[in-house]
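Here is a short tour of the structure below, written for someone who likes to know the cut-offs behind each term. Keep the viewer open as you read.

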Amino acid sequence: MTIEMFEKPLGMRDDFPLIAKQKADLKKQGTHLIEHGGYELLQTPTLEYYETIGKISAISDDALFKLLDNQGKTLVLRPDMTSPIARVAASKLLREKMPIRLGYYSNVFRAQKREGGRPAEFEQMGVELIGDDSLYADAEVISLAWDILKELGVGSARTVIGHTRLLELILADFGLDAEQSGKVRELFVAKNGVGVEQLAKKLPIPENKLASFLKLMQATTVADWKRWINEENEEQRELYHDMERLEGLLGRNGLGDAITFDISFSSHMTYYTGLVFEFYGAGSGFPLGSGGRYDGLMEQFGLQVGATGFGLRVDRLLESVTAEKTEQPHTLILFDEQSEQNAFDKAQQIRNSGKRVTLQYAPAVKALEPFTALFTEVITGEELHNG
Amino acid sequence: MDELTIAMPKGRIFEEAYELLVGAGYDLPKELDDSRKLIVEAPNEKFRFILAKPMDVPTYVEHGVADIGIAGKDVLLEHDRDVHELLDLGISACYIATAGLPDTEMDEVTPRIATKYPAVASHYYRSKGEQVEIIELNGSIELAPLIGLSDRIVDIVSTGRTLKDNGLVEYEKIADITSRLIANPVSYRLKQQRITELVDKLREQVER
């Protein structure tokens, strides 16, 4: 009986050589920039406890792959990298070295409900800057992500920036309680304009402020945000001032025209407490990556420190990056019993010069023509004999 | 000016949406729908229309092959897609309701519900705490109670004519439906100025 060839668990994929190669190149370029930015790469386990990482990760419960270990404890396949890294950073080993800069390139797992083709396992690369609650840390991670997008050649890249805390304060000023502003934020996450308009009618927003409330989703610059800032509220004033400085910092790093400051921008990842951002580019219909400040998450690990970071999705970057089709030289040496020694020497020689060589015993190839077509150069045993 | 790809459902919604766009001052070719073409260009406005099955519009938009689209709220409720719902166009108004033969009680153990909207129906009965068996059909839902396939149906009601002609009555209303302008989250950011302008112009039309 032959095994059913195409059966794979829902959302799991084989990466054929071409994609595997593209991913390897992308990893090389990305991690190079991450390391040069002063970040150290690390790996965390694929399996984590459901009780810790599973619950903290802010990935919805039904998207987690759960399994039991031999002692009956529930485990999860890691659904994100931010929470494991927060756990690592909170460990004794690193606690004293704050601020720390950690980077990663890892696969994460999220179960898919729809369309079997959607990946349930995908690679992410990103960084976490832990132990620095300044604006400069935020600017640093956004700029680094931006540099990676530029280096990879993502077309018409754009980033959208919002501020979770400032939005919370502004919504409170419209007279909303925590539950109501939670509902509004949910609609903001989905940019459901119709839903916001319908909900607004049921909320205790004063008549004269309604128009201003409905404009929340339309801001694109920091200056646009000013109309909602309550000058008498010190926290709002300071956060707004921070945003102005951030705009300046990022402008200097070359992001100027490519940022949309959208006060209503929120993330479904509930652990973000301050700045939140997302990246987009031509070629992919889905966001390329996102990030933000998550001081609250560190608190859950018993640390009162600031933390910020981003993660980019490798599968979507691949869609967005126009792959270079330059063919690398690849030599095939076909040998037989007589030319075996010569072939081996020749291969070694070419490999030492930095090129790829495939050594193949000629009689084992059934269809010679389609096989040799895969290579840029072919050397046969006869040629080796004579030369 | 960025080119905008717009996914539109064929048929009645298309005509109403076309009127709205023309009313909003967009210069569109006269004969858009009466060809069998699936892709129609409006070069003067740099629009490209994709004519699709209504159920598929949110799919095209979610994957970003269409920047924006016009989709019924019924489809959006049924398929929970990652799209931005920007504007209620107020066209093709109708509602989703339950219906069945007059003066009938639902089966006490597990009533059967025939519908084209299994997710909506399932969510509705679950929220009422009723256990039901959902039977998915692709059309002529009204047939189901007549031939004893189901106790109730969950379907779109616009005038109520079809129900009446088949001797069925409406029981409960589930949700009001109109057509919505939806956008792909990435397109919304990369072409925000154009899309916002379109939303504003259409809003003026809708509110008139």
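## A covered helix in chain A

Helix α3 of chain A, residues 82–90, is mostly covered, with seven of its nine residues buried. A residue is buried here if 20 or more other C-beta atoms lie within 10 Å of its own, exposed if 12 or fewer do, and partly exposed in between, with C-beta atoms placed from the backbone. The buried set consists of T82(A), S83(A), P84(A), I85(A), A86(A), A89(A) and A90(A). Helices (H or I, at least four residues) and strands (E, at least two) are DSSP runs, numbered from the N terminus.

A word on the model itself: it is predicted, so local features need pLDDT of at least 70 and side-chain atom pairs count only at pLDDT 80 or more, while totals for chains, interfaces and linings use all residues. Residues are numbered from 1 along each chain as its sequence is written, and chains are lettered from A and ligands numbered from 1 in the order in which they are written.

## Chain A as a whole

Chain A carries 16 helices and 14 strands. Its C-alpha atoms fill a box of roughly 90 × 55 × 45 Å along the principal axes. Of the 387 residues in chain A, 38% are buried.

Two residues are in contact if their C-beta atoms, placed from the backbone, lie within 7 Å. Take the contacts in chain A between residues at least 6 apart in sequence: 70% of them join residues at least 24 apart.

How do α7(A) and α8(A) run relative to each other? Helix α7 (residues 178–189) and helix α8 (residues 193–200) of chain A pack at an angle of about 160°, and their axes are 8 Å apart. These axes are lines fitted to C-alpha atoms, for helices over the stretch in contact, with angles running from 0 to 180 degrees between N-to-C directions. α7(A) and α8(A) are therefore roughly antiparallel, a label for angles over 145 degrees; under 35 counts as roughly parallel, 65 to 115 as roughly perpendicular and the rest as oblique.

On the α7(A) side, K183(A), V184(A) and L187(A) meet G195(A), V196(A) and L199(A) of α8(A). Sorted by class, this contact has four nonpolar, one polar and one charged residues. Here Ala, Val, Leu, Ile, Met, Phe, Trp, Tyr, Cys and Pro count as nonpolar, Asp, Glu, Lys and Arg as charged, and the others, Gly among them, as polar.

Elsewhere in chain A, the peptide bond from M98(A) to P99(A) is cis, and its omega is near -10°. P99(A) sits in the loop between α4 (92–95) and β5 (100–109) of chain A.

## The domains of chain B

Chain B splits into domain 1 (4–92 + 178–207) and domain 2 (94–175), with bounds that come from an automatic or database domain assignment. The C-alpha centres of domain 1 and domain 2 of chain B are 30 Å apart. Four residues from domain 1 and seven residues from domain 2 of chain B make up the contact. On the domain 1 side of chain B, the touching residues are one nonpolar, one polar and two charged.

## Loops and a strand in chain B

Which residues other than glycine have a positive phi? One of them is D103(B), with phi of about 50°, in the loop between β6 (94–100) and β7 (112–115) of chain B. D103(B) counts as exposed because it has 6 C-beta neighbours inside 10 Å. Another is S140(B), with phi near 45°, in the loop between β8 (133–136) and α5 (143–146) of chain B. S140(B) has 12 other C-beta atoms within 10 Å, so it is exposed.

E133(B) belongs to strand β8 of chain B, and with 14 other C-beta atoms within 10 Å it is partly exposed. Setting aside neighbours within four places in sequence, E133(B) is in contact with T110(B), R112(B) and I113(B). From E133(B) to I113(B) the separation is 20 residues in sequence and 6.1 Å in space, C-alpha to C-alpha.

## Where the chains meet

Between the chains, 18 residues of chain B are in contact with 18 residues of chain A. On the chain B side, the elements giving two or more residues are β5 (84–88), α7 (185–190) and α8 (192–207) of chain B. That side of chain B has seven nonpolar, six polar and five charged residues.
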